[in-house]
Amino acid sequence: MKKTTHLIVLLFCTSFAIAQTNCSNAVSVVLDAVTTAPSFNSETGAVPGNFCGIGNGNGSNGNATATKGKWYKFLATETRSISITTLLPQNNNTDTRLIVYSGTCLDLTCVGANDDYNNTNSSYLSFDAVAGTTYTIAFDNRYSNNGFDFVVINTPPPAPDRLSFTTTPITGITGGFDNCIVDMNGDYLDDIVSAVNNTTLVITYQGSNGAFTNTGFTLANTIIQPTWSIAAGDYDNNGFNDLIYGSSSGICLLKANSTGTGYTTDRKSEPYLVQRTNFVDINNDGKLDAFACDDNAPNRYYMNDGENMNHIQGGIGDFPSGGNYASNWFDYDNDGDVDMYLAKCGQGGSGAGGNIDQLHRNNGNGTFTNVAAEANMANPEQTWSGACGDFNNDGWMDVIVGVNAGTNGFTNVKRNNGDGTFTSVTTGSGYDTNLFTGREYVAHDFDNDGFLDVLGSGSTIMFGDGNFHFTPNPNMYNISANDRPVGDLNNDGFLDIQNGGSVLFNNGNSNKWLAVNLQGIQSNRNGIGARIEIYGTWGKQIRDVQSGTGFQNMSTITAHFGIGQAATIDQVIIRWPSGTVDTLNNVNPNQKLLVVEGSTLAVNSFNNGVFSLYPNPAKNVVNIQLKDNLNVTLKSVIVYDLIGKVVLSTSDLTHPLNVEKLAAGTYILSISDIENKKYTQKFIKE
């Protein structure tokens, strides 16, 4: 279990020491005891902070000038790092400014200072203390006369599996729009997508040698730019990912051609304020649909009929004044179809008066029911997104409800009970003392220890321990609050973060990993909506393949698992949206898998219910025979090898399929009917 560095106030005692007015009569404080500093009243004399780099105490903020100081002292009994902080929940973000000195009162030496730690009003300072040295601690009233608590603690050393990142500028990417990390050229390496303006798309392709190359594409004028959201998915199943993005004026679809070398623009005419967008197969027909949250009205989605994306409004998130901020599609009730958690702006925003989070259960027939109230997911927090994943590895998807603004408490950690309900387990999780707010919350295993972490508020990663305890990364980075999609951008098995014009490359550790890419045949090409399970000494882990998580960016579609120090993965199971189940046994770690739908099944384990093949095995030709009493008209056939490459295709179904030129081996034959439904069957070529 990981050590926690949260400043949870479960310490030994509380001291109500009244600070003296100058250094010479500073009051002693001790390690691990919360000290209450009362409001500034009779103190006189500003704290000399000029040589600590925070100004000389002159100046003002409202009616509060830095005219008063509080003085304390601490004797270090051992040589090690200590931390002093006012970042405590009981302070309610009171504005404090902290300065620490060594030396005598007549000859003070600056050790360090802090004001407005990590975008809060609180103070936090860590430094290496030397045994036997007395340190003088001072606060002034430049910004507030209010009282507050503070604590001196030993700084827990970074655990060996904690991470550092190297920030590297990458030529060609921009931070002006919501960016996207996804494979755009079919090589299963994550690339970076950024739109420069209405008529240009820039893709920064990742090369096999770790280098990046930039390609610009000229577009028909989209008018729309990805100022609010972007998502990716192959909605025409041609092997190259397409894009959907939105702004305050509506959405636009960019459709890749058959070689991934150009894009056509499908600017939708409906004007509305778009928030989160997703690609998801809503009706499970093997084709990706597009979903868009509407901030001012019921949600909108575009159903894919194989030729067009047809607009529908309402039915999944119908609150009349909108407030729909982030849609996250996953299977919360483990019934095999995809449901949707809808994060709302909640109290204090445009949705005031009942606009609270929703949980839409898939009824299995193309309709959805909001079950948030009975599931305990009608969260009142003003959240713009939630991190969804199995945080305790029990096989059920949990939700961390991120708080972006308002006064309804902290980020809310919701455990899936496995019976259709959720329970808040925030107390003691580390999020109960996290005062930060933010709009972008996503779940990934950044340190590959087998437990999901959260990139959320506070410009940091909260590391999970598998038991709903989360610890902030001690290696802090100035990560933008918004523009930060996640993916493996140097193909080393550790997840990186694109941030503005740079990439935060994950320096990694010794933990092992597995990455899984899917290629659907009967299901959609990306396998979006599939459930991937891995089993080993750790028990079970799950991932649901998704397009569009968090509030606005697009992170990798590749399913990424960390497995700690485990030497092998006993079993990998892919449960496809079509119902097909692929199983791989005794899988080695530290590799990327590409699993084609049905590729692990025995030849006669398919039961498509529509046609059969004979002879099977075949030498020269394969005959396709419809089963009796079926009113189905077949349109075309495609044959794939077991790595997903198309080796044969035809629309002539009046003659036997000539397979004479195929190499000996196993193949998957996929037939489409005139309604674009797909049916698959394996055969062996001798």
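**Close-up views of a predicted model**

View 1. Residues are numbered from 1 along each chain as its sequence is written, and side-chain values use heavy atoms, with hydrogens and water left out. N524 sits in the loop between β41 (512-519) and β42 (531-536); strands are DSSP runs of E with at least two residues, helices are runs of H or I with at least four, and both are numbered from the N terminus. Is N524 buried or exposed? N524 is buried, with a relative accessible area of 0%; buried means under 20% relative accessible area, exposed over 50%, and partly exposed in between, for a 1.4 Å probe and protein chains only. From C-alpha to C-alpha, N524 and L288 are 6.3 Å apart in space, although 236 residues separate them in sequence. The side chain of N524 also reaches the backbone oxygen of I528, at 2.9 Å.

View 2. β30 pairs with strand β31 (residues 398-401) over 4 bridges, in the antiparallel sense, and C388 stands opposite V399 in β31. Strand β32 (residues 412-416) is joined to β33 by 3 bridges, and R415 has T423 in β33 as its bridge partner.

**View 3. The two faces of β30.** In a regular strand the side chains alternate between the two faces of the sheet. In β30 both faces are covered: G386 and C388 are buried on one side, and A387 and G389 are buried on the other.

**View 4. The largest nonpolar core.** A nonpolar core is a set of buried Ala, Val, Leu, Ile, Met, Phe, Trp, Tyr and Cys residues joined through side-chain atoms within 4.5 Å. Which residues touch the most other members of the largest core? Of its 54 residues, these are L201, Y263, V516, L518, I532, V572 and I574. Strand β20 (residues 250-256) gives the largest share of this core, 5 residues. Apart from it lies another core, of 20 residues, including Y72, I82, L98 and F150. Beyond its neighbours within four places in sequence, the contacts of L518 include I532, V545, I574 and W576.

**View 5. T85 in strand β7.** T85 belongs to strand β7 (residues 80-85). T85 is buried, with a relative accessible area of 1%. A polar atom of the T85 side chain lies 2.8 Å from the backbone nitrogen of L87.

**View 6. The protein chain as a whole.** The secondary structure comes to 1 helix and 54 strands. Of the 686 residues, 57% count as buried.

Definitions and conventions
Predicted model: local features only at pLDDT ≥ 70, side-chain atom pairs only at ≥ 80, totals over all residues. Pairing = 2+ DSSP bridges. Polar contact = N/O pair within 3.5 Å; in protein donor to acceptor, adjacent residues only side chain to side chain. Contact = heavy atoms within 4.5 Å.
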